[in-house]
Amino acid sequence: MYLVESKGGAIACMLLALFFLGTWPAVLTLIERRGRLPQHTYLDYSITNLLAAVVIAFTFGEIGQSTPEKPNFLIQLAQDNWPSVLFAMAGGIVLSLGNLSTQYAWAFVGLSVTEVITASITVVIGTTVNYFLDGKINKAEILFPGVACFLIAACLGSAVHSSNASDNKAKLHNVSSDLKKGSMETNISALKETPNSDVGYKDLEEVNGSADKEKVGTAGFLIELENRRAIKVFGKHTSIGLGLTFFAGVCFSLFSPAFNLATNDQWHTLKEGVPHISVYTAFFYFSVSCFVLAIILNITFLYHPILNLPKSSLKAYAVDWEGRGWALLAGLLCGFGNGLQFMGGQAAGYAAADAVQALPLVSTFWGIIVFGEYRRSSRKTYVLLSSMLTMFIVAVAVLMASSGHRK
C-alpha cells in the first residue's frame, strides 16, 4: 500500500484537505438556500462520501506488495483487528452526528461563524488529545501557540457574527431605504406563490427573471432569501443554531482522536502479532459507520422532520433531482478531504493535521463570493473580518510548522 512518509507530502495532503473540507459546507449551504430539503441533500451526500473511502481503499490501499507488517487493504479485512475497527467506526459515528448538526446550524448561525466555532472546539479538545496520543511528536512550543492563534481567530469570528447580525437588524429596520415597498411586496408575493422547483435553482440575486446585482446585502435580499430557503430562520431564536453548533464542535473534536487510536493502537488493544490497521482500512470502516448512521437518521427525518420542515418520503427523494449533482459533489469533497487529512496525520502527527480545522478560512471565502455574506456591512464588520482571516492564515502556518515525523 502507498504511505505518505515525507513531511512535505504530509503538508501537501493537509493543504488539499483544507480546500476540500472548506468547500463542501459551502456547496451544501448553497443547496439549502435554493430550497432543497436537507434530508434529500444529506442522503445524496452520504452516498458519494462513502464512495470516496472505497476508491481510496482500493487504490492507495492496494498499491505495492503486501507485507506481514504492512498488509494491504483486502488482507486486513479478514484479520482479527476488531478493537481498532471499533475505534474507527466510533469516529465515523461522531463525525456523522457533527456533519448532520452543522447542516441545520448553517441556516441559523451562518456558514462562517458555524465553521469558526466548531473548528475552535475541535482544536482545543481534539488537537490537545492527539498531541498526547501521538507521543508528543509535534513541537509543543510551536503547536500550542498555533492553537492560541486559532482561539483568537475564533473570538474574532464571533465578533464578526455579532457585528454582522447588528448590521442586518439595522437593514431590516430600514427596509424603505433599501427597497421600495411596492417592489418588495411584489417580489415576496411572487416568491411565495412560485414553487421551489421554479425559483429555487436560479441565482440568489435573481428576482422575477432579472438580475439585480445591487440588491445583494440589502434588506430585500435577506427577505427574499428567507422565502426561498428550505430552513426558515426568521422568528426562531439563534440559540437553536448555537446549540447545534457547539454539539457539532464536540463531535468533531472526538473523531480524529478515535481515528488516531484505530491506526496506532496506543492503548494496546490488539492481540500480539496483529498489525495495526492502515489508514485506508480505518478510513473504510470509519466511512461505513458514518454512512449507516446518516442513512438511518435522514430516512427518519423524511417522515418525522425537525425544525418545522415539511414531511417527505423516499419516493419524493428519489424523484428530486434538483441540486443532486451538487450534493454528490459535496460528498466527494468531504470524503477525499477526510482521507487526505488522515493520510497526512499518519505521517506528520494528527495534532498537526488538525490544521485543516482552519477550514473557516476557505468557507468564509466561499460565503463572501457565492452568498454575498457581509456585503454592505459596516466598517467595523469589515475590520473584524479582515482580522479573523489574517489570524486564520497565521494559525494554519503555525500548526503546520509544528509537524513532526512518526517513526
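**Helix packing in a predicted model**

Good morning. Helices α5 and α6 are roughly antiparallel to each other, a term that covers angles over 145 degrees. What we have here is a predicted model, in which local features need pLDDT of at least 70 and side-chain atom pairs count only at pLDDT 80 or more, while totals for chains, interfaces and linings use all residues. Residues are numbered from 1 along each chain as its sequence is written, and side-chain values use heavy atoms, with hydrogens and water left out.

Let me begin with the whole protein. Its secondary structure comes to 17 helices and two strands; these are DSSP runs numbered from the N terminus, helices being H or I with at least four residues and strands E with at least two. Of the 407 residues, 56% count as buried, that is, under 20% relative accessible area with a 1.4 Å probe, protein chains only. Contact means heavy atoms within 4.5 Å. Among contacts between residues at least 6 apart in sequence, 84% join residues at least 24 apart.

I return now to the opening pair. Two packed helices are described by the angle between their axes and the distance between the axes. For α5 (residues 111–133) and α6 (residues 140–173), the axes come within 8 Å and cross at roughly 160 degrees. Here axes are lines fitted to C-alpha atoms over the stretch in contact, and angles run from 0 to 180 degrees between N-to-C directions. α5 passes α6 in a left-handed crossing, meaning that the near helix is turned anticlockwise from the far one by less than a right angle.

Which residues of α5 meet α6? Among them are V113, V116, S120 and Y131 in α5, and the residues they face in α6 include L143, F144, G157 and H161. Ala, Val, Leu, Ile, Met, Phe, Trp, Tyr, Cys and Pro count as nonpolar, Asp, Glu, Lys and Arg as charged, and the others, Gly among them, as polar.

A second pair is α2 (residues 38–59) and α12 (residues 279–303), whose axes come within 9 Å and cross at roughly 165 degrees. α2 is therefore roughly antiparallel to α12. The crossing of α2 past α12 is left-handed, and the contact residues comprise 20 nonpolar, six polar and no charged.

Finally, consider Q76, in helix α3 (residues 73–76). Is Q76 buried or exposed? Q76 is buried, with a relative accessible area of 0%. Leaving aside neighbours within four places in sequence, Q76 is in contact with P71, N81, P275, H276, I277, S278 and T281. Thank you.

Key:
Buried < 20%, exposed > 50% of the residue type's maximum accessible area, 1.4 Å probe, protein only. Parallel < 35°, antiparallel > 145°, perpendicular 65-115°, else oblique.
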